[in-house]
Amino acid sequence: MNISREDIDALNAVITLNVESADYEPKVAAALKEYGKKVTMPGFRPGKVPAGLVKKQFGKAILAEEVNKLIDETINNYIKDNDLNIIGQPLPAEGQDPIDFDKEISGFQFKFEVGLAPKVNIDLSKVKVPYYTIEITDEDVDQQIKMLTQRFATNETVDVIGEKSMVKGSVKGAFSNESAVISTSVIKNDAEKAKFNGKKVGDTIKFDLKKAFPNETEISYILGISKEEAATVEGKYEFTVTEITEYKDAELTQEIFDQVFGKDTVKSVEEFKAKAKESLEEQYQLQQDNLFGFKLRKTLVAQEKMELPEKFMKRWLTVVNQGNKNFTAEVLEKEFPELLDEYRWTDIRQSISEANNVKLNEQDIIAFAKKAAKMQFAQYGMTGIPESYLEGYAQNMLQDKEQREQMIMGAVNDAVVALAKTKVKLENKKTTRADFGKLYED
């Protein structure tokens, strides 16, 4: 077997593979023999079909399979042995005639196009990246406490309708509903909302339903009608109150302390507030590091605006997306600039990883999966999740092949960003919770 490479330019090459019969015939013979042990044909006992018949019926398919396996193995080894930093996968060269495996020939020639990513050498010590720290205010802590305790809020009956009441009753007008439910917190018109405030069970309220709820979905829910019917609603309606309830925030008692942070972790309101602030700082740390990673990527991609084999990349993306109805030439053109930057960052990240001998083990992958799980729980105000539960949740995610690959890529990215944080010149800056999200737009 002979394999060679012709560099078209710095970013494109063609690999030519000449496969001789001696390279694949022993493999084909072995595969035919193994297949003959399993194949069944009318008139023959299993495994006793003559080799000639097996070859006649299955020889072409087995030959193609073994040659393709040999090609894949040879190409992959060549790329690895020659340290080629390729993009995507090798593609059969354009204009190459398809191989006819029916012909008795002594060998085959295959040509493959490859796209090459340029090597980059980054001195992180010369890179300047901003690092934003969120300043925590008393208001932030109060909001965190509310988020932590709102899972334990109760729905209680109250005497009068307030700004955030859930009111049950009967509504009458052009359409009627004896079991309507209205949330005063979502009434859009202040004048209409004022008609509900202070009313009690048994009171009847005359109001303009369309002004109070311009949204057809809300009207259809209140009246129990279709959205099409809701679109026709106009004029005055009467609502007779039968029940008023409101969600009451949980009081800061020892029971709530234990439910939020675990038994006897905190034993006073002061300790609870301190722990709430600590949980907020933990969340902010993750967010701050994520923003740093975003700024690092943006900085390095802009700095290392390396050229990429764009024509090859477009062809490769078209090939791998065959059958995807959502993938069109228009979509490719629109998203291609972003994809180029994605590949640039992948190349940069790999270069940093190799230059600094960054290696991951299974525990690093599990740690990232636990971090991802913790962030998911935090979005719903769930903190203080037991370590054993996080471990089990992470292990469960890693059982899925696609999720595992995502976790591995995330762990690699985290490792590179964490390394860069120790090497680049950090421009430490302060920001607020309200302004933090805007920093991704800069």
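I started with Ser 220: buried or exposed? The model is predicted, and in it Ser 220 has a relative accessibility of 11%. Buried means under 20%, so I put Ser 220 down as buried.

I then looked up where Ser 220 sits, and found it in helix H6, residues 216-223. Setting aside neighbours within four places in sequence, I listed its contacts as Ile 225, Ser 226, Lys 227 and Ala 230.

Next I turned to strand S10, residues 236-248, and asked which strands pair with it. I noted strand S6 (residues 154-157), antiparallel to S10 over 4 bridges. Thr 157 has Thr 245 of S10 as its bridge partner.

Strand S7, residues 166-172, also runs antiparallel to S10, and I found 7 bridges joining them. For Lys 168, I wrote down Glu 243 in S10 as the bridge partner.

Strand S9 (residues 204-208) went on my list too, with 5 bridges to S10 in the antiparallel sense. Here I recorded Phe 207 with Tyr 237 of S10.

Strand S1 (residues 2-7) and strand S2 (residues 12-20) are antiparallel and joined by 6 bridges. I found a hairpin of 4 residues leading from S1 to S2, and I saw Ser 4 opposite Thr 16 in S2.

Which strand does S2 pair with over 9 bridges? I found strand S4, residues 107-116, again in the antiparallel sense. Val 19 has Phe 108 in S4 as its bridge partner.

Key
Residues numbered from 1 in each chain as written. Predicted model: local features only at pLDDT ≥ 70, side-chain atom pairs only at ≥ 80, totals over all residues. Heavy atoms only, no water. Pairing = 2+ DSSP bridges. Helix = DSSP H or I, 4+ residues; strand = E, 2+ residues; numbered from the N terminus. Buried < 20%, exposed > 50% of the residue type's maximum accessible area, 1.4 Å probe, protein only. Contact = heavy atoms within 4.5 Å.
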